[in-house]
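Here is a note for a colleague who is looking at this structure for the first time. Please read the points below with the sequence and the model side by side.

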Amino acid sequence: MKPSDSLNSSRRNSVIFTEAALVSGALVGLNQFWYADYERSNFHFINDNEEWLQMDKVGHLYSSYHIGRLGAEMQEWSGTTQKEQLIYGAGLGFAFLTAVEVLDGFSSEWGASPGDIIANASGTALYVSQELLWNEQRITPKFSFHTTQYAQYRPNVLGSSLAEQILKDYNGQTYWLSANLYSFSKGSKIPKWLNFAIGYGADGMITGNGENSGLFPMPKTERMRRFYLSLDVDLTKIETKSHFLKTIFSVLNTLKIPAPTVEYSHGEGFTGHLSYF
């Protein structure tokens, strides 16, 4: 929606109330409907940095960035200063996801992960640093997903439905850093919406660290990192006077647009895709 040119106290109060309600509701819901099913413990840390080929860590960076971006844009809509947008808006992702880590720390099933906290801070730092350096977001984390064969062998962990698999099946997730070319060469004839994207994914994973994979009835596969180069579209650079469309474009800009892609993996070398998502 159209940002306010000056501080709008009514909007700011609405933002504060809405954010507080959503964050509190999410944390209470997680505590009651997720963590309540597992035994409690004293607060403790775990080192899970070697699990899932770090796909979960990249997911934390992505989530922290976009929750913070949303928070900052809501502060901008309220007419607050840039300093307030970066402190109270962009910090929302780090604050919320770190609170989730605290809940993990009191669960015997998991534990607070320093790697997750660092990833959360990295996502926030990616947003804040670009605002301070360029006063715009030139590099945007994005996400794409495709279904894989692995979820059927361990649906309780990797997801039994499409919605669950999008969140849980790291084999089908790809995370991207999508850079807007025009922003780095202003005044050129490059289309303002054209991006170049570098992606990271992995597959062959049915357990976090590869141990006990043989317990599941699936073909033997190699755990493998995959890297991608592709074109993309920055939807926020599409010119329109409609603030409704700008809002829609801002939300959809979290996703990578399907496009021709070059993939590289150690086991298979280079592979081309006419369209990859």
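1. Which side chains meet in a salt bridge at 3.3 Å, N to O? They are those of Lys-237 and Asp-234, a salt bridge being a side-chain nitrogen of Lys or Arg within 4 Å of a carboxyl oxygen of Asp or Glu. Lys-237 is partly exposed, at 22% relative accessibility, whereas Asp-234 is buried, with a relative accessible area of 1%. Here buried stands for under 20% relative accessible area, exposed for over 50%, and partly exposed for what lies in between, with a 1.4 Å probe and protein chains only.

2. A word on the basis of this note: the model is predicted, so that local features need pLDDT of at least 70 and side-chain atom pairs count only at pLDDT 80 or more, while totals for chains, interfaces and linings use all residues. Residues are numbered from 1 along each chain as its sequence is written, and side-chain values use heavy atoms, with hydrogens and water left out.

3. A search of the whole structure finds 12 salt bridges. One of them joins Glu-73 to Arg-69, with the closest N and O atoms 3.0 Å apart; because the two are four residues apart in helix α2, about one helical turn separates them. Helices (H or I, at least four residues) and strands (E, at least two) are DSSP runs, numbered from the N terminus. Glu-73 counts as partly exposed at 31% relative accessibility, while Arg-69 is buried, with a relative accessible area of 10%.

4. Asp-56 and Lys-57 also form a salt bridge, their closest N and O atoms being 2.8 Å apart, and both residues are buried. They belong to a network of salt bridges that links Asp-48, Asp-56, Lys-57 and Asp-116.

5. Most residues other than glycine have a negative phi. Leu-53, although it is not a glycine, has a positive phi of about 50°, and Gln-54, likewise not a glycine, has a positive phi of about 65°. Leu-53 counts as buried at 12% relative accessibility, whereas Gln-54 is partly exposed, with a relative accessible area of 23%.

6. In soluble globular proteins, nonpolar side chains tend to be buried together. The largest nonpolar core in this model has 16 residues, of which Met-55, Leu-158 and Met-205 touch the most other members; such a core is a set of buried Ala, Val, Leu, Ile, Met, Phe, Trp, Tyr and Cys residues joined through side-chain atoms within 4.5 Å. At least two residues of this core are supplied by each of α2 (55-78), β1 (139-145) and β3. A second, separate core has seven residues, including Ala-72, Ala-90, Leu-126 and Tyr-127.

7. Which residues is Met-55 in contact with, once its neighbours within four places in sequence are left aside? The list is Tyr-170, Gln-173, Tyr-175, Tyr-200, Gly-201, Ala-202 and Met-205, where contact means heavy atoms within 4.5 Å.

8. Strand β5 (residues 259-265) holds Glu-263, which is buried, with a relative accessible area of 5%. The side chain of Glu-263 makes a polar contact with that of His-273 at 2.6 Å; a polar contact is a pair of N or O atoms within 3.5 Å, where within protein one must be able to donate a hydrogen and the other to accept it, and residues adjacent in sequence count only if both atoms are side-chain atoms. With neighbours within four places in sequence left aside, the contacts of Glu-263 include Arg-226, Phe-227, Tyr-228 and Phe-270.

9. Tyr-264, also found in strand β5, is partly exposed, with a relative accessible area of 35%. The largest share of the patch, three residues, comes from β4.
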